Amino acid sequence: MKKTLLAAALLAGFAGAAQAQSVTLYGIVDMGFMNSKQDGQSATNGLESGIAGSSRFGLRGVEDLGNGLKANFQLESGFKADTGIQSASGQLFDRAAWVGLSGSFGEVRLGRQDTLGFNWFRGAINPFGNAYSQAQSKTIFNVNGIDDRVSNSAFYLSPKFSGFQFGAGYSFNASGSETTGNDGDNSVYSLGLRYQTGPLLAVLTYEQKNAADQAPGAGVGGSDLKNIQLGATYDFGMAKLHAGYGRLQNSGYRSSAEKENSYLIGVTVPFGAHSVFATYQRNDNANINAGRQDKAINGYAIGYNYTLSKRTMVYALFNQYTDVIARTDNKQPGDKREIAIGLQHKF
């Protein structure tokens, strides 16, 4: 009888421990057909992975430690659904690999994770976010700028106060392991403030990537990158409006136009299971800073989503960007146009 009671108690204890921790397997499989045409080349046609959202899988977990304190982790790996290979060769968890604690004080995360400019601004202000191929924010904002994700980083995310939330992070070396004395490391600061209440979202981020001490010009106003981004969205119900501005300073360009100014306006119109969204983006000076003749990169994109369920959707995309491609025949940059249709499933 005593053995039976002891076994029952042990089983109950194990069950309680299992319930205190939750681990979720999640992911996206995205495949589509892409027709792409750029100046000076024939059109390319074929299947592509991750058009409307990078194909990925991951593990996300939380353990209740009591008194409002929780332990959290995330491991996320990107892959190409058309070939089955990893997105980043030799890097299993290229998208996220962090562990942290959260509670009434906010959240602390340690490891590889998104910068605030990538997640809070570019992922939220652009109707296309950080996806939809050339329509994504990266084409115009932060061209050759701060890393989207940083390794060796510590981030703090505050609780929300009356709609406000603050975030701050520091990476000892954004793209690799730290080196002896840190002379060869590229450190990154990431700061963000966002306000969300009702239909309004407003975001301000600032990031700085400090060049390694060994880099030419470092210490004399050299090649440090500085990026500030400001944007907002407002949801009227029948339509959501998007607007954003960014200024990237990279003194490593060593030109008369070291600052890049980027602009975005956009709209999202949902109706039932359908959604149509569009944006116009422009970057001034990115091409001059890259040593090309035409200074501006600009273009527009139109997208369409139809949700078959909460997890599955079909989509279509058209975009056209001017002076975005570095041609091999001369310094004059070329245009690029993309047409795509595809299917995305989340699990």
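Helices (H or I, at least four residues) and strands (E, at least two) are DSSP runs, numbered from the N terminus. This is a predicted model, in which local features need pLDDT of at least 70, side-chain atom pairs count only at pLDDT 80 or more, and totals for chains, interfaces and linings use all residues. Residues are numbered from 1 along each chain as its sequence is written, and side-chain values use heavy atoms, with hydrogens and water left out.

**Figure 1. Overview of the protein chain, with three helices and 17 strands.** Of its 347 residues, 42% count as buried (buried: under 20% relative accessible area; exposed: over 50%; partly exposed: in between; 1.4 Å probe, protein chains only). The accessible surface is about 17500 Å², and carbon and sulfur atoms hold 58% of this area (Shrake-Rupley method, 1.4 Å probe; for residues, only the protein chains shown count as cover). Among contacts with a separation of 6 or more, 55% are between residues 24 or more positions apart (contact: heavy atoms within 4.5 Å).

**Figure 2. Asparagine 144 and tyrosine 132 in the loop between H2 and S7.** Asparagine 144 has a phi near 55°, a positive value in a residue other than glycine. Tyrosine 132 also has a positive phi, about 65°, and is not a glycine. Asparagine 144 counts as exposed because its relative accessibility is 57%, whereas tyrosine 132, at 6%, counts as buried.

**Figure 3. The second largest pocket and its lining.** Its volume is about 160 Å³. Asparagine 144 is one of the lining residues, together with Lys138, Thr139, Asn142, Val143, Ala286, Asn287, Ala290, Arg292, Ile297 and Val324. By class, the lining has five nonpolar, four polar and two charged residues. A pocket is found on a 1 Å grid over the protein atoms alone, as an open set of points with protein on both sides within 12 Å along at least five of seven lines, and lining residues have an atom within 4 Å of a point. Grid points are joined across faces, edges and corners, and the volume is the space filled by probe spheres set on the points. Ala, Val, Leu, Ile, Met, Phe, Trp, Tyr, Cys and Pro count as nonpolar, Asp, Glu, Lys and Arg as charged, and the others, Gly among them, as polar.

**Figure 4. Helix H2 (residues 116-125) and glutamine 229 of strand S11 (residues 225-235).** Helix H2 is largely enclosed by the rest of the structure, because seven of its 10 residues are buried. These are Leu116, Gly117, Phe118, Trp120, Phe121, Arg122 and Ile125. Glutamine 229, at 1% relative accessibility, also counts as buried. Its side chain makes a polar contact of 3.1 Å with the side chain of arginine 122 (a pair of N or O atoms within 3.5 Å; within protein, one must be able to donate a hydrogen and the other to accept it, and residues adjacent in sequence count only if both atoms are side-chain atoms). Not counting residues up to four places away in sequence, glutamine 229 touches residues including Gly117, Phe121, Phe141 and Tyr245.

**Figure 5. Serine 153 in strand S7 (residues 149-157).** Serine 153 counts as buried, at 4% relative accessibility. Its side chain joins that of glutamine 113 in a polar contact of 3.1 Å. Leaving out residues up to four places away in sequence, serine 153 touches Arg109, Leu110, Gly111, Gln113, Tyr170 and Ser171.

Terms used: 1 Å grid on protein atoms, 1.4 Å probe; cavity = no way out; pocket = protein on both sides within 12 Å on 5 of 7 lines; lining within 4 Å.
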